[in-house]
Amino acid sequence: PPPPPPPPPPPFSSRRRHTRWNCSSRGLGDVYKRQALIWAIVPGASFRSRVKAQQPDPGEYSAAEYELVEFRNQMVPMRDGVKLAVDIFRPEGEGRFPAVLSQIPYNKNGGASRARWLAPRGYAVVNADVRGRYESEGDWDPFDPKHKTDGYDFVEWLARQPWSTGEVGMWGLSYMGWTQWWTATQAPPSLICIVPEVAPPDQFRNLPYQEGILFGCMLDWAACNSGRTAMRVAEGSYGGFSSTRFEDCMRTPYIDLNKLRKVKGAPWFETWIRDNLSTSPYWKAIAYQTKEDYARVKAPSLAITGWFDADFPGTPMNYLGMKQYGGTAESRRPRIVIGPYTHTGRGRKLLRFDYGPTAEIDWNGYMCRWFDYHLKGVANGVLDDPPVHVFVMGHNRWRAEQDLSLIHISEPTRLW
């Protein structure tokens, strides 16, 4: 005889439900990261505040009306006597202009096209090789706490230049987002605003350790960026080292991985492996997401990330941290944009998915309008914009909101 039919499924009330986390005993990072994770899991859940659907609109921003002059490999002294190299892009002729700084570990030449876009709009754009990389002096360690004080010294040097108005902003993505937060925690007086794009959180939250587990891609990043310049051994990401990661990681101990790959000049990689606790002085010295660090930040921030950004947690964590602990009223009003983007992409399409024409925004223009207001004093209404813009996938539309804490999870929410 045929088998009996299966029993009916239990009513929903006996199924697993998603209820509110009790974060009262958690650390600051745990609370922020869980709030960020809720956003990623439930992008279509109900919103507390209903503001009209609106994509980030740059409105009117400075036109490109200046001829450009460029100065290469100018050396800037740091407080310890080490000189770091910068390229300067600024309007031609006499006059003073606000400065916008980016500190780059991947060769400052790579930032030239962006600098050439902004500088004709009335800005002195400065790209720096970070300590120990390319044309800069000093020893390279990606998490040397001197990067914090170098940022301070850069900002104040820019403010003193005869072509500068004395007001400085910062921009840049990924590692250059880190350098902005590191600099901002030092509170240089001339730093007026920052635009950290896809900035990672502290080093045990995402990179190089993902919640305490060493992130595989950072093994390749460390090999590629082990010395003064980037190393390439084959086609592929991270200088081609990713193409052999699986085979390379079959051999232990990992502390000798760079030797296996015939990479020299990165003693800090051994520190990464040996100091595998967030309480290590090495990691604590470069951290920036403590309450005390946020309280030292005086500059307002405009940040962007994407749902597919591998470093996603950092941006919402910083938004929440600055809103609660920022050192000034202005810094406690952060701005955030979350789009259907990867770490570097800002377009409407990803693989076979098309998120529609509104997904692609004029991000350069949006940043320029931010700089126009804070560095030039243009009354363009930027502070009247909603502080939060979130792209809701599936609906494929933007939501403009007053806060990031938008989702009700006090009551059980059915997820399937």
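Mentor: Let's start with W140, which counts as buried because its relative accessibility is 9%. Buried means under 20% relative accessible area, exposed over 50%, and partly exposed in between, using a 1.4 Å probe and protein chains only. Keep in mind that this is a predicted model: local features need pLDDT of at least 70, side-chain atom pairs count only at pLDDT 80 or more, and totals for chains, interfaces and linings use all residues. Residues are numbered from 1 along each chain as its sequence is written, and side-chain values use heavy atoms, with hydrogens and water left out.

Now look at what lies over W140. The charged end of R133 sits above its ring, 5.1 Å from the centre. For a charge to sit over a ring, NZ of Lys or CZ of Arg must be within 6 Å of the ring centre and within 35 degrees of the ring normal. You can find this arrangement again at W117, where R121 lies over the face, 3.8 Å from the ring centre.

Next come the ring pairs. A pair of aromatic rings is described by the distance of the centres and the angle of the planes. The model has 32 aromatic pairs, where rings of Phe, Tyr and Trp (its six-membered ring) pair if their centres lie within 6.5 Å; planes under 30 degrees apart are stacked, over 60 edge-to-face, and the rest tilted. W140 and W221 form a tilted pair, because their ring centres are 6.5 Å apart and their planes meet at 50°. This pair links distant parts of the chain, 81 residues apart: W140 is in the loop between β4 (124-129) and α3 (146-160), and W221 is in helix α5 (residues 216-224). Helices (H or I, at least four residues) and strands (E, at least two) are DSSP runs, numbered from the N terminus. W221 is buried too, with a relative accessible area of 7%.

F353 is partly exposed at 41% relative accessibility, whereas Y355 is buried at 9%.

Back to the loop of W140, which lies between β4 and α3. Helix α3 has 15 residues and spans 21 Å from its first C-alpha to its last, close to the expected 21 Å; that expected span is 1.5 Å times one less than the number of residues. Since 11 of its 15 residues are buried, α3 is largely enclosed by the rest of the structure. Among the buried ones are F154, V155, W157 and L158, but also charged residues such as K148 and D150.

What about the outside? P267, in helix α8 (residues 267-274), is exposed at 60% relative accessibility.
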